[in-house]
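Please look over the sequence and the model shown below, and keep both at hand while reading.

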There are 4 protein chains.
Amino acid sequence: MPSKAKIGILGASGYTGAELLRLLIRHPRVEIALLTADRRAGQAMRDVFPQFAPYDLPQLVSIESVDWASDGLDLVFCALPHATTQKVIKDLLGKAPATKVVDLSADFRLSDPAAYARWYGHEHHAPELQAEAVYGLVEVYRRAIKSARLVANPGCYTTCAQLAVLPLLKAKAIITDEIVIDAKSGMTGAGRSAKEAMLFSEVSEGFNAYGVGHHRHMGEIDQEFSKAAGREVIATFTPHLVPMNRGILSTIYVRGRRGRAPRDLHEVLTKAYAKESFVHVLPFGETPHTRHVRGSNMTFIGVADDRVPGRAIVIAALDNLTKGASGQAVQNMNLMLGYPESMGIDQVALFP
Amino acid sequence: MPSKAKIGILGASGYTGAELLRLLIRHPRVEIALLTADRRAGQAMRDVFPQFAPYDLPQLVSIESVDWASDGLDLVFCALPHATTQKVIKDLLGKAPATKVVDLSADFRLSDPAAYARWYGHEHHAPELQAEAVYGLVEVYRRAIKSARLVANPGCYTTCAQLAVLPLLKAKAIITDEIVIDAKSGMTGAGRSAKEAMLFSEVSEGFNAYGVGHHRHMGEIDQEFSKAAGREVIATFTPHLVPMNRGILSTIYVRGRRGRAPRDLHEVLTKAYAKESFVHVLPFGETPHTRHVRGSNMTFIGVADDRVPGRAIVIAALDNLTKGASGQAVQNMNLMLGYPESMGIDQVALFP
Amino acid sequence: MPSKAKIGILGASGYTGAELLRLLIRHPRVEIALLTADRRAGQAMRDVFPQFAPYDLPQLVSIESVDWASDGLDLVFCALPHATTQKVIKDLLGKAPATKVVDLSADFRLSDPAAYARWYGHEHHAPELQAEAVYGLVEVYRRAIKSARLVANPGCYTTCAQLAVLPLLKAKAIITDEIVIDAKSGMTGAGRSAKEAMLFSEVSEGFNAYGVGHHRHMGEIDQEFSKAAGREVIATFTPHLVPMNRGILSTIYVRGRRGRAPRDLHEVLTKAYAKESFVHVLPFGETPHTRHVRGSNMTFIGVADDRVPGRAIVIAALDNLTKGASGQAVQNMNLMLGYPESMGIDQVALFP
Amino acid sequence: MPSKAKIGILGASGYTGAELLRLLIRHPRVEIALLTADRRAGQAMRDVFPQFAPYDLPQLVSIESVDWASDGLDLVFCALPHATTQKVIKDLLGKAPATKVVDLSADFRLSDPAAYARWYGHEHHAPELQAEAVYGLVEVYRRAIKSARLVANPGCYTTCAQLAVLPLLKAKAIITDEIVIDAKSGMTGAGRSAKEAMLFSEVSEGFNAYGVGHHRHMGEIDQEFSKAAGREVIATFTPHLVPMNRGILSTIYVRGRRGRAPRDLHEVLTKAYAKESFVHVLPFGETPHTRHVRGSNMTFIGVADDRVPGRAIVIAALDNLTKGASGQAVQNMNLMLGYPESMGIDQVALFP
């Protein structure tokens, strides 16, 4: 590998694309060689996101116009919509099999073809890649990611919930059928497409739940929770929208198993993350704010006593665009390219 | 009673005071005769809240300067801090026993002196008034309120949770020891006192839980939930702060008792509130937004299936300053003075 | 006129439509008989704006389906897009000539056909109605409005600027070629159509000017400023977007004519509005906040010394949806139907 | 100089202190050796700003407890209140004359003792240091800063206005007595002290001007504008508060001198900043948003035609905590220590 890897971003005009650029422009071992955005092809990045005006970046092109075989890209971030993604990556890896891919969509997160068909209503278009893909939750699958060609970057809600709950399930420290995840997200999680419901005047000065009882990303949580617990786990999950740009906070209600007290759960989490750069467990009884991880790749986790004996409240916070999407994608890239894991993603949170 | 009742507001410089004025200025059967605000005594209301500049209102005075006996007030709203309240109301009712009082503090909400002492760490200063006070949740205690002299206006979080849960407990439709209330409030709930943690730059663009496991208003919920259920009930409750001014949304996780499905719970609530002016149950599966009740005295309640069989999600939304405080206080006043219950508080919500 | 006038709202699914409903639902002499919204025809108002769920309202219909001749509407509010408006109103008044119309679009604000063609790039489709229309700035044209059949409700920016400047121009108190209007608006001014630039995440936590040097509504200001001054006036005008829902604040820099000091300008304004219900001039040196007029039909105006000798700063604030649109429209309706001018629009501002 | 300079931050518990830390934690040639915060002495930085929990930082101490002579600090950032600052820096430099100081207060910005006394109402406590201090607007005083011991970091409003106007004054391209600066700032500009007027519920969903006609920082603008123009200049300046955390946008109205058109002014600015890393002039007619410089040290400047012939509108945007305070302070530090000017402050803006 030369000192700088040649990188492409597919879908650079969305929020995760912009966040990738924010991080990669200052990454010391990356050359940004390709930016695609079908509807904005021919424009400069500054037309789409004016904050990039001072930087020298490639012009936006359409995916169709890219010649994967000759472009010599070392790694591609794919930030495209669901379903389109499968076709694009299949084509890309067919023509340039040595290129590595970090996919930010949901397309390769479910490893079971039947589960995929059930959640998305159709057969997967690239089942052999689905089988190959490694689930990119670094703190869990670090070793496999290092040698992966295709990594499925986890969802933002699911990253937040998993980092808080997986160690507890692995330690068999909580009852598996009483997990309630009450999740709250900032608005960038809804993406950049123009929808009435996402207008400033619809959103600001208000709060609401949505998708109650049937959020699409539950398949991913079911898969990973069950894998960690060694048995089928179905958790309650309710997402809400907060009038802020960035941040997810999950308030998770659990019951200790076999007499495990909240402090025992805190200890399990503290040990699990003792050596992690991007997960920080707060002292017992303290709970996190989304604002304190804004713009950083950090996840903060807190544990407190519930007033109902035997139950604990675990709260996790991360920035949905950073650790919940693009920061974690760069973390995956670093592993896949043999770079230090925190290279280029060690920004300190922006608060206030 | 002459056509207009003489009304006083104690603590008019806070947010609940301002909200009372907003409603009462246009109430057809009220004369605003007294406004107190100790630290702002001598000032005009417009100096404290400039939106009142166009209206003719009494000057702010200190409580000390008021002569209760000769003022001839028909009803007083008391929006003073905890503990001070007990002393002021005791003094007031001692000197002007015919005056009616709606108290917006927590001082008279707990009917059990022992519970009061446990939650607040000291004996009540006016136990005989504590015994006399009627809990002012109109939808439950309407009859008693009509003949009450002293009404304890419920808290904002607790009003929201009670309206959603009490009918279910009364109908014995839910398991009493698996109630999880995940509550989110706008910032006006924190009041107007200058605290670092409530500055715009600390609060905006972020989200957090607070008082996890030990919020002070739980005593009130315990009391009313247990009364409704006919047995001791302790619910899990976690409050959060949303970067918005007004609104509380409570996401409540319950499990049906003896095979009650979520639709059965929805039916219980629909029947319970069929004739109420200020509680509106949405069609099954729809859930409310705080923005759609902003500035109104309405509570919107929705019920939906949880993905975990046997469990339901009940979500309630209200404006913490209106139905959660001053609007409900005027609703109580209307009952106490024999006015139509919705007089002066039938404003349509302000959205956007 | 029977006790309640039959009213229609064309374009009820937008923000000005919702604001009209908020006001008219509680107007004592109005029956809401017709609501149109072409793309939402067949739906209930609660599907479009859930805050109206508790109220009994007509179903939304398409304009095409309305039979103007037989509907017997006393007055119609037209909240439709530019250009469509002209055709709809021409058709409506052709078939139901006794119906009165308050138009909230820009279509009938310019009285000069040539000015219209210059600003909008095409001939007016209903020039005879353009000639008939009365400009609906109540404080200036009250008498003509009372007998008008068609009233062109002023724009939000232009109402704010005119109320602050017209009396100064009429009094020949300021230099006409040094007027700088720096205007700031909340987001509802951009309407409810789904545009990327109006998404929450694009707008919140930021501030910008737009349309610098060439905003479309300048024609209306030119017309009214020039009429008031008795000579051609072209003012500098820059609009900005504030991350809030409601409110316009205009900071206006003027130079006194013939030695008029800022206090003289203040006196001119104070006298001009001494008897007005909806314009409040603050004491000299105090300046307004948008938040203190939110949800009310009030305009607050302040005047202060500039540090540059001879210059003054005039600041005006109103709610763009109320006095800047729907509140003023109801004010016009009240005059046209012979009702008291402030009936149904005397709400006190909602702050906080 | 060893590879890392030993740095102190006085007043680390305020917003500019936190922003300094955000930047310096990742600065490759800095060791953070001292953090003071009198009221929080004895606490950890994470108690004051939880986002710093993952980092190893010195405990907060009181200024009184610091032994300047033996601490061996290479450079100190002083983020203390006005007036206190003078005394602290005088003491510090008396005991440790080799230490360099970047002062973020207003105390050393005015070079004329008489001007200081006029604006602040008292004699300066350290007039000899006032004479020594170099005004730290890097783009203007770069050479002097490199050899300075004490640098007065400019104010946020004044940096924004100066970067937009100084080149025009130097080029004698605009009329000096018709400059109107309409400035808008986010809330962090008001600091972190607990004041009622800065509470979230007072600020959000609203907009207002303040300090109209008499803002304290005008002395600094007068000084630098006059120096650039070679004659006395007094500009009109009105600050406003925007409900956002970070960002200043100044809309500046100017009149070209001797036939200079807006495009000529644009050319002057483009040339002036052609080689600057932190000032970016947009193409003619485009104007900046604060959101696109958030968290970066960039200033974006745009120029557009006014509709009044002969006048231009110049708009500049920066992040008040970065280029408007702490970023510029680190830029000064870099020069003073002989580091590359953009080291540690080349973060890409955080949007959305």
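In this predicted model, Ile252(D) stands opposite Val314(D), a residue of β14(D). Two strands are said to pair if DSSP finds at least two bridges between them. As a general point, strands of a sheet pair through backbone hydrogen bonds, either parallel or antiparallel.

Strand β13 (residues 299-305) of chain D is also antiparallel to β14(D), with seven bridges joining them, and here Thr299(D) stands opposite Leu318(D). β13(D) and β14(D) form a hairpin with five residues between them, and in its turn Gly310(D) has a positive phi of about 90°. How many residues of strand β14 (residues 311-318) of chain D are buried? Eight of its eight residues are, where buried means under 20% relative accessible area, exposed means over 50% and partly exposed lies in between (1.4 Å probe, protein chains only). Both faces of β14(D) are covered, with Arg311(D), Ile313(D), Ile315(D) and Ala317(D) on one side and Ala312(D), Val314(D), Ala316(D) and Leu318(D) on the other.

Residues are numbered from 1 along each chain as its sequence is written, while chains are lettered from A and ligands numbered from 1 in the order in which they are written. Because the model is predicted, local features need pLDDT of at least 70 and side-chain atom pairs count only at pLDDT 80 or more, whereas totals for chains, interfaces and linings use all residues, and side-chain values use heavy atoms, with hydrogens and water left out.

In chain B, seven strands form an open sheet of mixed pairing, in the order β9-β10-β8-β11-β14-β13-β12. β9 (208-209) and β12 (279-281) of chain B stand at the edges with a single partner strand each, so one side of each is left without a neighbour in the sheet. Within chain B, strand β13 (residues 299-305) and strand β14 (residues 311-318) run antiparallel and are joined by seven bridges, and Val303(B) stands opposite Val314(B).

Helices lie across these strands. Helix α8 (residues 156-170) of chain B lies across several of them, including β8 (180-185) and β10 (236-241), and runs at about 140° to β14(B). Helix α11 (residues 262-272) of chain B lies across β11, β12, β13 and β14 of chain B, at about 160° to β13(B). Such angles run from 0 to 180 degrees between N-to-C directions, with axes being lines fitted to C-alpha atoms, for helices over the stretch in contact.

Helix α10 (residues 218-229) of chain A has 12 residues that should span 16 Å at 1.5 Å a residue, and its end C-alpha atoms are 16 Å apart, which agrees; the expected span is 1.5 Å times one less than the number of residues. This helix, α10(A), is mostly covered, since 11 of its 12 residues are buried, among them Met218(A), Phe225(A) and Ala229(A). The buried residues of α10(A) pack against elements of chain A that include α5 (113-120), α7 (138-146) and β10 (236-241). Just after α10(A), Gly230(A) takes a positive phi of about 75°.

The chains also meet one another, and the table sets out two of these interfaces. Contact means heavy atoms within 4.5 Å, and buried area is the accessible area (1.4 Å probe) that two parts lose on being put together, summed over both.

| Chains | Residues in contact | Buried area | Share on carbon and sulfur atoms |
|---|---|---|---|
| chain A and chain B | 50 residues from chain A, 50 residues from chain B | about 4,000 Å² | 52% |
| chain C and chain B | 35 residues of chain C, 34 residues of chain B | about 2,900 Å² | 64% |

In chain A, Glu205(A), Phe207(A) and Arg307(A) lose the most area to chain B, together 21% of what that side buries. In chain C, the residues that lose the most area to chain B are Val348(C), Leu350(C) and Pro352(C), together 24% of what that side buries.

Thr287(C), in the loop between β12 (279-281) and β13 (299-305) of chain C, counts as buried at 17% relative accessibility. Leaving aside neighbours within four places in sequence, Thr287(C) is in contact with residues that include Gly302(C), Ala209(D) and Val212(D).

Over all chains the structure holds zero disulfides, a disulfide being a pair of cysteine sulfur atoms within 2.5 Å. Cys160(A) is buried, with a relative accessible area of 0%.

How values were computed. Helices (H or I, at least four residues) and strands (E, at least two) are DSSP runs, numbered from the N terminus.
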